[in-house]
Amino acid sequence: MAEALKIPNHIAIIMDGNGRWAKAKGLPRTVGHTNGAKALQRVIEACKKFGVKTLTVYAFSTENWGRPKEEVDFLMDLFYKYLTNQSKKLIENKIRFNVLGDKSRFNKKTQDAMVELENQTKNFSEFTLNVAMNYGGHSEILKATREIAMDLKSGKISENDITEELFESHLYTSGQLPPDLIIRTSGEQRLSGFLLYQCSYSELYFPKVHFPDFDEKQIKLAIEEYTKRDRRYGKV
């Protein structure tokens, strides 16, 4: 009898390989990013189907600003279109939407669209989609540290108030459980600053498929691999 699948509560994905997917087909990198956005929709549907409660995707890192301006401009436009074109679908499907990262670097219309969609979906609890934009694990930890230091200096808290729970409340993922499974597509085996604090006991999975080809079948393979893992959370 086949082993019953253990469904992760929270899956996080580093959506890697859009450019390589396009290059292999002789297409511009922008086509790879467009198809990556389409793949994200398939992944959301698959995660909901399998019973996953939270999906976090790494869409744009703090380091990605260093890419060619034409590519960055395309990605910013693609993200804005996603916010505006998919908002109705996210609301209809009761998907809570969050942006993880520093919103201040985006233009005003994108900032407004992010905040509006977050507010429109904040009361949904069945499924959460976190999109990491202008996100870096180091910068997130520094942000939390600075905020706590300011509260300590102002007398709002004392040294004894600084606990793991307090620190976690200052992360972008405040109030959420850490990822059970982190997937990086395209075969690269590194985290690239993704959820560095939250990943302490996450299972890691590195399929070779590029993200534009990721779909329900690939999600199922990832969950099957997760099911085989013996998760001890640091216990003997």
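## Basis

The model is predicted, so local features need pLDDT of at least 70 and side-chain atom pairs count only at pLDDT 80 or more, while totals for chains, interfaces and linings use all residues. Residues are numbered from 1 along each chain as its sequence is written, and side-chain values use heavy atoms, with hydrogens and water left out.

## Overall fold

The protein chain contains 7 helices and 6 strands; helices (H or I, at least four residues) and strands (E, at least two) are DSSP runs, numbered from the N terminus. Along the sequence their pattern is β-α-α-β-α-β-α-β-α-α-β-β-α. The radius of gyration of the protein chain, taken over C-alpha atoms, is 18 Å, close to the 18 Å from the globule rule for 236 residues, so the chain is as compact as a globular protein of that length. That rule is 2.2 Å times the number of residues to the power 0.38. The C-alpha trace spans about 60 × 50 × 35 Å along its principal axes.

Of the 236 residues, 46% count as buried (under 20% relative accessible area, with exposed over 50% and partly exposed in between; 1.4 Å probe, protein chains only). Among contacts (heavy atoms within 4.5 Å) with a separation of 6 or more, 76% are between residues 24 or more positions apart.

## Strand 4

In strand 4 (residues 127–135), 9 of the 9 residues are buried, so the strand is largely enclosed by the rest of the structure. Strands pair if DSSP finds at least two bridges between them. Strand 2 (residues 54–61) runs parallel to strand 4 and is joined to it by 7 bridges. Strand 3 (residues 95–100) is also parallel to strand 4, with 6 bridges.

Thr-128 of strand 4 stands opposite Thr-54 and is the bridge partner of Arg-96.

## Aromatic contacts

There are 9 aromatic pairs in the structure. Rings of Phe, Tyr and Trp (its six-membered ring) pair if their centres lie within 6.5 Å; planes under 30 degrees apart count as stacked, over 60 as edge-to-face and the rest as tilted. Phe-211 and Phe-214 form a stacked pair, at 6.0 Å centre to centre and 20 degrees between the planes. Phe-211 is buried at 1% relative accessible area, and Phe-214 is buried at 0%.

Tyr-58, Tyr-135, Tyr-172 and Phe-194 make up one aromatic cluster. Lys-143 lies over the face of Tyr-172, 5.0 Å from the ring centre. Lys-109 lies over the face of Tyr-80 at 4.4 Å. A charge sits over a ring if NZ of Lys or CZ of Arg is within 6 Å of the ring centre and within 35 degrees of the ring normal.
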